[in-house]
Amino acid sequence: MNEDAGPIFRQVAAEIENAIVDGSLAEESQAPSSNELAAFHRINPATAAKGLNQLVADGVLTKRRGVGMFVATGAREQLLKRRRGEFADQYVRPLMTEAQKLGISAGELAAMIDDWTNQR
Amino acid sequence: MTAPPTPAVATLRDVTMRFREHTALEGVSTAFEQNTITGLLGRNGAGKTTLMQLLSGHRVPTAGRVEVLGAGPYENDRVLRHICFIKEGQRYPDHFRVRDALAAAAMVFPGWDGDLAADLVADFDLPAKRPVNKLSRGMNSMVGIVMGLASRAPLTLFDEPYLGLDAVARQMFYDRLLADYAEHPRTIVLSTHLIEEIASLLERVLLIDRGRVLLDADAESLRDSAVTVTGPAETVQTFARQHDLLHTETLGGSSRAVVRISGATDRRAAAAQGLAVEPTNLQQLVVAMTLQTPAARGQHHPTGPAELEEVSS
């Protein structure tokens with residue numbers, strides 16, 4: 001975890017969310033425990049637990065008493081929906097700010113996106 | 001979502017400690033909750049060692065009250081065997097070999113784990129038959145670390161336990177501490193100057209400066225409580241005036257400031273004004289807060305306290 005990137009529990013939560021979004025942590029499968037996360041990331045177990053608890057509160061993980069935490073059914077769809085909602089603010093805004101600074105018009109930007117898509 | 005407060009293992013209530021004309025701690029009140037790792041931070045001579053000596057019953061406060069596990073620790077055997085204090089540069093009886101020192105510790109601490117101690121001795125490659133006082137400074141520190149971890153004491157205090165240890169050995173210490181703590185949670189207080197190295201291990205931070213508490217908070221909220229903003233000097237100054245400015249630097253027309261904020265709204269406000277907003281890590285925050293004190297501004301080298309603590313320990 002990056003100690004220069006704000007609260008660690010949020011990074012823990014974001015990393016698990018990423019794994020769910022990219023499919024490496026499948027729905028219904030067991031999430032890593034707070035002790036496993038603590039050892040792997042070299043962080044305080046309470047911090048790891050806080051990250052997991054946030055995901056439980058968000059409905060991304062469900063707690064099974066005595067067993068552990070599992071990825072909720074529908075968690076991936078829920079996360080995708082939320083991230084699409086945040087996309088404009090997190091990615092389009094900085095892109096447009098920089099484009100404006102450099103005098104790149106919306107039309108030129110659209111052409112760049114087309115080029116980029118065609119090259120792939 | 002907030003967890004209910006856990007009972008405190010140790011508390012200081014309005015504690016003052018004076019040595020002749022020097023005041024090492026003044027009006028300190030704090031609590032060390034059960035099963036937490038607290039980083040005890042502060043400059044040389046801030047009072048960190050004195051605070052640990054009070055917690056471990058090595059001293060009686062001039063005023064105020066120290067309680068550990070519900071009672072005063074001073075000359076209280078019932079309490080003392082549940083406290084393990086690993087001092088900086090610990091001395092041992094002359095004839096003591098490493099194994100004797102560990103055997104003695106095994107008799108003192110009810111929760112002693114001999115297997116863990118043996119594991120750690122092997123991991124650190126410690127010569128069990130060598131007299132402790134003939135060890136290098138780093139090896140002496142390792143003996144302290146083995147004792148501190150294997151004691152499994154409900155209140156374990158490490159006072160700068162890494163002196164003389166290289167980066168690899170320090171990493172081993174942090175990893176073993178974390179692994180054993182995860183399996184056997186207890187209350188750990190760790191004083192250190194290597195803030196960046198241990199920041200992610202901490203749940204609580206207690207920052208003292210010149211005998212007073214500057215900061216007593218949970219580490220994760222602290223990471224959220226301040227930001228570094230960079231941008232045109234005027235914009236930075238305007239933003240800083242509206243918040244609690246901790247530290248600022250200017251180069252040409254642009255400035256950088258460490259500012260305490262109250263939440264995401266403040267962060268967005270800074271971004272909306274065109275400032276680059278970055279999180280502040282614990283070390284930056286601790287340095288900025290310590291530099292902000294009038295004492296630090298007036299004079300850079302604390303006099304007296306460091307020396308006195310040395311003499312009196």
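This is a predicted model: local features need pLDDT of at least 70, side-chain atom pairs count only at pLDDT 80 or more; totals for chains, interfaces and linings use all residues.
Reader: How is chain A divided up?
Author: There are two domains: domain 1 covers 8-73 and domain 2 covers 76-119. Their C-alpha centres sit 29 Å apart.

Reader: And how many residues does each side put into the contact?
Author: Domain 1 of chain A gives six residues and domain 2 of chain A gives five. On the domain 1 side, three are nonpolar, one is polar and two are charged.

Reader: OK, helices. At what angle do α1 and α4 of chain A cross?
Author: Roughly 110°, with the axes of α1 (residues 8-21) and α4 (residues 75-102) coming within 9 Å. So α1(A) is roughly perpendicular to α4(A).

Reader: Which residues make that contact?
Author: From α1(A), Glu17(A), Ile20(A) and Val21(A); from α4(A), Ala75(A), Arg76(A), Leu79(A), Leu80(A) and Arg83(A). By class, that contact has five nonpolar residues, three charged and no polar.

Reader: Switching to chain B: what's the strand order in the open sheet?
Author: β11-β12-β10-β13, four strands with antiparallel pairing. The twist averages 20° from one strand to the next.

Reader: Which ones are the edge strands?
Author: β11 (244-251) and β13 (276-279) of chain B, each pairing on one side only.

Reader: How many bridges between β10 and β13?
Author: Four, in the antiparallel sense, with β10 of chain B spanning residues 226-232. Val229(B) stands opposite Val277(B) of β13(B).

Reader: What packs on that sheet?
Author: Helix α11 (residues 282-292) of chain B, touching β10, β11 and β12 of chain B. The direction of α11 makes about 95° with that of β11(B).

Note on methods. Residues are numbered from 1 along each chain as its sequence is written. Chains are lettered from A and ligands numbered from 1 in the order in which they are written. Domain bounds come from an automatic or database domain assignment. Two residues are in contact if their C-beta atoms, placed from the backbone, lie within 7 Å. Ala, Val, Leu, Ile, Met, Phe, Trp, Tyr, Cys and Pro count as nonpolar, Asp, Glu, Lys and Arg as charged, and the others, Gly among them, as polar. Axes are lines fitted to C-alpha atoms, for helices over the stretch in contact, and angles run from 0 to 180 degrees between N-to-C directions. Helices (H or I, at least four residues) and strands (E, at least two) are DSSP runs, numbered from the N terminus. Angles under 35 degrees count as roughly parallel, over 145 as roughly antiparallel, 65 to 115 as roughly perpendicular and the rest as oblique. Two strands pair if DSSP finds at least two bridges between them.
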